[in-house]
There are 2 protein chains.
Amino acid sequence: MSDKTQALNYIERHRQAFLNALMEFVSIPSVSTDSDHKGNILQAARWLVNELQRLGFTNARLVETPGHPVVFAYTDPPLLDSPTVLIYGHYDVQPPDPYEEWKNPPFSPWLEGEHLYGRGASDMKGQVVAALKAVEAIATTGSLPLNIIWVIEGEEEIGSPNLGQFLEQNRHLLRADVALNLDTGMIAPDQPTITYALRGVAAFELRVYGPERDLHSGLFGGVVHNPAQALCELIAGMHDASGRVLIPGFYDRVRPLDEEERRELARIPFKEIELVRILGVPHLYGEADYTPIERIGARPTLEINGLYSGYTGQGSKTIIPAWAMAKISTRLVPDQDPEEVHQQLRAYLEAKCPPTVRWELTAFAGSPASITDRHHPGVRALAHALKSVWGKDPLFRREGGSVPVVGMMQRILGLESALSGFGLPDDHIHSPNERLHLPTWYRGIQAVIEFLLSYPEFARV
Amino acid sequence: MSDKTQALNYIERHRQAFLNALMEFVSIPSVSTDSDHKGNILQAARWLVNELQRLGFTNARLVETPGHPVVFAYTDPPLLDSPTVLIYGHYDVQPPDPYEEWKNPPFSPWLEGEHLYGRGASDMKGQVVAALKAVEAIATTGSLPLNIIWVIEGEEEIGSPNLGQFLEQNRHLLRADVALNLDTGMIAPDQPTITYALRGVAAFELRVYGPERDLHSGLFGGVVHNPAQALCELIAGMHDASGRVLIPGFYDRVRPLDEEERRELARIPFKEIELVRILGVPHLYGEADYTPIERIGARPTLEINGLYSGYTGQGSKTIIPAWAMAKISTRLVPDQDPEEVHQQLRAYLEAKCPPTVRWELTAFAGSPASITDRHHPGVRALAHALKSVWGKDPLFRREGGSVPVVGMMQRILGLESALSGFGLPDDHIHSPNERLHLPTWYRGIQAVIEFLLSYPEFARV
């Protein structure tokens with residue numbers, strides 16, 4: 001019986017055990033953006049170290065960073081003359097709020113139909129466990145034909161602020177032929193997808209300050225610039241009616257789409273009316289000269305993620321608030337630079353903010369966009385593996401999300417990433433009731449097995 | 001010894017007892033806008049009923065309304081051939097939030113220098129207790145030369161939604177010559193002030209809805225109109241750069257200021273630089289063609305009282321929020337109509353809101369502005385009383401705040417109000433660390449005694 005058949009039989013026999021492991025992992029509230037969860041972050045990292053040690057990676061350990069630790073392990077001693085795959089993942093998750101919109105508590109994973117629900121089930125604890133179980137299946141029933149390096153970080157959802165330093169400091173232990181990154185999804189359960197371009201991100205908090213305390217709007221309304229109003233005025237100036245960003249210089253470095261790529265992207269099956277239905281919006285929005293697929297994948301955006309000011313309780317409170325706050329994030333495409341965008345936003349505020357209020361801008365960790373070489377052996381091996389499980393060629397697409405590590409690995413390690421994943425567009429990632437489609441997940445485990453077993457041939461060519 | 005001298009001696013002897021009573025009253029968190037405080041509202045109302053019964057108003061009672069009850073009492077049997085003064089007040093207070101900005105808990109009143117601190121100390125529990133204690137001083141040391149009707153409501157801070165109905169239903173018991181209303185302040189401790197015009201108010205909550213749930217800004221940024229952005233765009237369109245309101249029709253009914261009144265208002269001592277310092281703003285703001293005094297007193301405004309949308313916690317969360325909310329209130333001047341302004345705002349939203357989002361507008365109780373006849377005997381008696389205590393003529397001014405009951409009493413009872421009060425501009429009403437200047441408060445009690453004892457003469461003329 002071939003290694004592959006044995007490994008596939010192993011996963012058949014362990015479907016329930018795999019699911020139990022995933023539910024255990026999802027039940028750990030490893031929210032990286034909220035310092036109250038520091039303990040849960042460690043708990044999730046230790047859970048991974050145990051799993052890896054069970055698989056024979058006896059050097060599995062936590063590597064401390066100024067933020068949350070990186071889970072690190074590698075084949076030791078290495079198989080000489082065999083290629084090396086670096087498997088990347090993250091064990092942190094988005095905050096669950098708005099909490100009250102969850103059907104069940106976000107960290108008490110539950111099954112419903114063909115789905116597992118819970119924060120992180122799809123993004124990306126499900127993907128990490130898929131890789132672990134694929135390696136377990138091969139290692140338990142036979143032996144791995146290649147070297148594996150595990151790098152599983154705890155700060156992806158906050159922009160991987162400390163991963164770069166980790167990669168720098170451990171460069172000598174991170175020599176690999178390709179990185180397998182399952183943090184991007186597929187466009188439909190029957191259509192495997194490889195992502196070759198990702199947007200970058202730059203995130204900010206903008207505060208506008210008016211009077212030193214909340215004021216009675218009757219006694220002072222008419223002589224003070226209301227900071228909530230001033231904040232809205234600044235935000236309203238950031239887009240034109242078509243959704244084009246008006247921050248001066250924002251589009252200067254945006255790489256134009258050539259006709260060939262536009263034709264390729266146009267092949268992605270997409271129904272505007274479907275998207276309107278799924279999202280529950282009255283109409284779509286955005287730059288008129290670009291298709292929705294192009295706007296999501298190949299165009300930058302600026303989004304308001306949150307607003308807060310003054311009185312937000314029941315009824316009315318007639319005050320002029322002392323200050324107002326907005327969370328703002330931008331999605332970037334090649335060749336925009338997060339720090340340059342930060343400076344452009346600052347320049348916009350300096351030019352636009354009236355002398356009647358004060359403003360303060362905080363920048364969070366940003367990352368540039370990235371594009372992967374589609375002809376890299378790792379990408380070809382992944383395409384082969386997906387086709388062997390789904391019986392059809394994967395679709396190549398640009399994705400709107402951001403995976404900072406891809407760019408970092410290119411810059412710091414000269415390492416290309418093969419990007420896919422087994423999450424679906426309606427998994428509600430970053431939203432209440434996040435879920436994972438289990439039949440697709442089990443197929444994904446098969447695909448990772450196929451990739452790991454076949455990669456050495458592709459690398460050899 | 002004259003009634004007046006005896007009454008004044010009485011207050012000298014009872015300064016501490018009066019203060020204790022006020023502190024007891026202020027310690028009851030009678031927040032009317034928040035239904036969680038229903039019990040405290042009743043507690044405050046019952047506290048007043050006890051006080052009034054102690055003063056001999058044996059018919060003092062709570063009159064139920066669809067909202068919070070009205071405390072009601074009157075001289076019975078009435079003194080025939082004696083005039084009647086209706087003393088109006090409210091026992092509800094503004095919400096204390098932002099709670100964390102208070103130096104001590106808002107409902108644990110504390111003394112500091114010449115001030116008593118606590119929510120409601122100035123607006124208007126201090127004023128209500130001043131009236132109670134003035135009546136106590138006269139009644140205990142002699143006898144009241146006039147009939148008194150007490151109407152103390154529990155919904156002033158939410159726009160007196162049920163007071164009109166109370167006035168209608170009890171019209172026969174509310175026949176009076178003048179209403180004494182101490183819910184307006186003075187411009188400085190050494191300058192007694194009578195308010196002859198008040199702004200009205202219309203308050204709203206505006207919600208803008210986008211996608212049916214929060215979305216990942218990477219996966220969907222570029223095809224969905226961000227509702228927080230759309231809300232800001234709608235709000236930004238409500239003012240021009242000079243602070244003029246752009247809601248069509250908003251100024252149509254605004255009564256223009258004539259030159260004589262502008263000259264009078266210009267006599268009010270006012271230093272722009274002082275106001276900038278007190279409020280802690282970099283610069284003042286507002287319609288260039290009007291002085292700050294005119295903008296506060298004689299011009300309408302539209303204010304954003306609060307904003308809420310999406311993620312407001314630590315760090316960043318890259319979502320497109322499902323919805324966004326703004327609390328909006330307008331201050332109105334004669335002859336604007338709150339319901340008409342409501343319809344104007346609705347029409348603005350219908351015209352301006354793009355088809356990419358949905359909106360919903362809720363209107364809270366509103367009230368029109370009011371102007372009182374300065375030559376009414378009650379107003380003249382009040383001017384006399386203030387002069388006799390402060391030794392100088394009171395200043396007549398328009399105030400920016402809203403006291404809906406003044407207009408209601410004019411419309412429903414044909415009753416004019418004499419408006420003053422012993423709160424000061426830096427009492428921080430509706431703000432954290434609200435306070436009352438005690439020396440001014442004790443003078444205020446003397447002034448009310450003077451008013452009640454001298455009013456019969458003015459009424460007789």
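How many aromatic pairs does the structure hold over all chains? The count is 22. The model is a predicted one, and these values are computed from it.

Start with one of those pairs. A:F25 and A:W47 are stacked, with 4.4 Å from centre to centre and 10° between the planes. The angle falls under the 30 degrees that stacking requires. A:F25 belongs to helix α2 (residues 15–26) of chain A, and A:W47 belongs to helix α3 (residues 38–54) of chain A. The pair therefore ties together parts that are 22 residues apart in sequence. A:F25 and A:W47 are both buried.

A:F72, A:Y74 and A:F166 make up one aromatic cluster.

Charges also sit over rings. A:R15 lies over the face of A:Y442, at 3.8 Å from the ring centre. In chain B, B:K125 lies over the face of B:F25, at 5.0 Å from the ring centre.

Now take a longer span. An unreviewed UniProt entry annotates residues 196–355 of chain A as "domain: Peptidase M20 dimerisation". This span is 32% helix and 23% strand. Its end C-alpha atoms lie 46 Å apart.

Across the interface of chain B and chain A, the rule finds zero salt bridges.

Notes
Residues numbered from 1 in each chain as written. Chains lettered and ligands numbered in written order. Predicted model: local features only at pLDDT ≥ 70, side-chain atom pairs only at ≥ 80, totals over all residues. Heavy atoms only, no water. Phe/Tyr/Trp six-rings, centres within 6.5 Å; stacked < 30°, edge-to-face > 60°. Helix = DSSP H or I, 4+ residues; strand = E, 2+ residues; numbered from the N terminus. Buried < 20%, exposed > 50% of the residue type's maximum accessible area, 1.4 Å probe, protein only. Lys NZ or Arg CZ within 6 Å of the ring centre and 35° of its normal. UniProt positions renumbered as here; feature names shortened; annotations may be inferred. Salt bridge = Lys/Arg side-chain N within 4 Å of Asp/Glu carboxyl O.
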